[in-house]
Amino acid sequence: MYAIVKSGGRQYRVQPGETVYVDALDAAAGETISLGEVLLVAGEGEPRVGSPLVKGASVRGTVLGDTRDRKIRVFKYKKRKHYRRTRGHRQSYTALRIEAIEL
């Protein structure tokens with residue numbers, strides 16, 4: 001069984017037992033959280049598609065910890081104007097272990 005959930009403006013395909021990296025959440029390591037924005041549940045019989053959300057469905061997960069992605073460089077440049085700006089960015093993520101999909 002798997003589900004499509006929405007978290008932080010992005011959509012993730014999750015199934016029990018796997019680890020997912022979602023945009024940073026306000027939760028401590030070891031805490032159990034519930035993702036309530038479930039868009040689709042499938043894998044056993046007929047898929048249940050929400051309009052926009054599946055009624056009564058949620059995904060339960062345990063927070064493993066926080067991490068950050070590699071640094072990317074953001075470079076702005078205008079030719080012949082001597083304009084150059086360099087900035088960096090590191091995206092913060094929260095690691096979740098998916099425990100169950102509840103209907």
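A residue counts as buried when its relative accessible area is under 20%, as exposed when that area is over 50%, and as partly exposed in between. Asp23, at 13% relative accessibility, is therefore buried. The structure is a predicted model.

**Salt bridges**

- The count of salt bridges comes to three.
- One of them joins the side chains of Arg10 and Asp23, with 3.4 Å from N to O. Arg10 belongs to strand S2 (residues 10–14) and Asp23 to strand S3 (residues 19–23), so this pair ties together parts that are 13 residues apart in sequence.
- Arg60 sits in strand S7 and Glu102 in strand S10 (residues 92–102); they are 42 residues apart, and the pair links distant parts of the chain.
- Arg60 is partly exposed, with 33% relative accessible area. Glu102 has 30% relative accessibility, so this residue counts as partly exposed.
- A salt bridge is also formed by the side chains of Arg97 and Glu99, where N and O are 3.1 Å apart.
- In that pair, Arg97 is partly exposed with a relative accessible area of 34%, and Glu99 is partly exposed with 32%.

**Positive surface patch**

- Arg68, Lys71, Arg73 and Arg90 form a positive surface patch.
- Arg68, one of the patch residues, lies in strand S7, which covers residues 58–68.

**Aromatic pair**

- One aromatic pair is found in a search of the whole structure. Its members are Phe75 and Tyr77, which are stacked, with 6.3 Å centre to centre and 15° between the planes.
- The pair counts as stacked because planes under 30 degrees apart are assigned to that class, and the angle here is 15°.
- Tyr77 has a relative accessible area of 48%, which places this residue in the partly exposed class.

**Backbone features**

- Most residues other than glycine have a negative phi, and most peptide bonds are trans. The items below depart from that pattern.
- Which peptide bond is cis? The bond from Ser51 to Pro52 is cis, and its omega is near 0°. Pro52 is located in the loop between strand S6 (48–49) and S7.
- Arg80 is a residue other than glycine with a positive phi, near 60°. Arg80 lies in the loop between strand S8 (72–78) and strand S9 (83–89).
- Is Arg80 buried or exposed? With 73% relative accessibility, Arg80 counts as exposed.
- His82 has a positive phi as well, near 55°, and is likewise a residue other than glycine. The loop between S8 and S9 holds His82.
- His82 has a relative accessible area of 71% and is exposed.

Terms used: Residues are numbered from 1 along each chain as its sequence is written. This is a predicted model: local features need pLDDT of at least 70, side-chain atom pairs count only at pLDDT 80 or more; totals for chains, interfaces and linings use all residues. Side-chain values use heavy atoms; hydrogens and water are left out. Patches are made of residues with over 30% relative accessible area and no salt bridge: like charges are joined within 9 Å, nonpolar side chains (Val, Leu, Ile, Met, Phe, Trp, Tyr) within 5 Å. Accessible areas come from the Shrake-Rupley method with a 1.4 Å probe; for residues, only the protein chains shown count as cover. A salt bridge is a side-chain nitrogen of Lys or Arg within 4 Å of a carboxyl oxygen of Asp or Glu. Lys and Arg count as positive and Asp and Glu as negative; His and the chain ends are not counted. The place of a charge is taken as NZ of Lys, CZ of Arg, CG of Asp or CD of Glu. Helices (H or I, at least four residues) and strands (E, at least two) are DSSP runs, numbered from the N terminus. Rings of Phe, Tyr and Trp (its six-membered ring) pair if their centres lie within 6.5 Å; planes under 30 degrees apart count as stacked, over 60 as edge-to-face and the rest as tilted. Buried means under 20% relative accessible area, exposed over 50%, partly exposed in between (1.4 Å probe, protein chains only).
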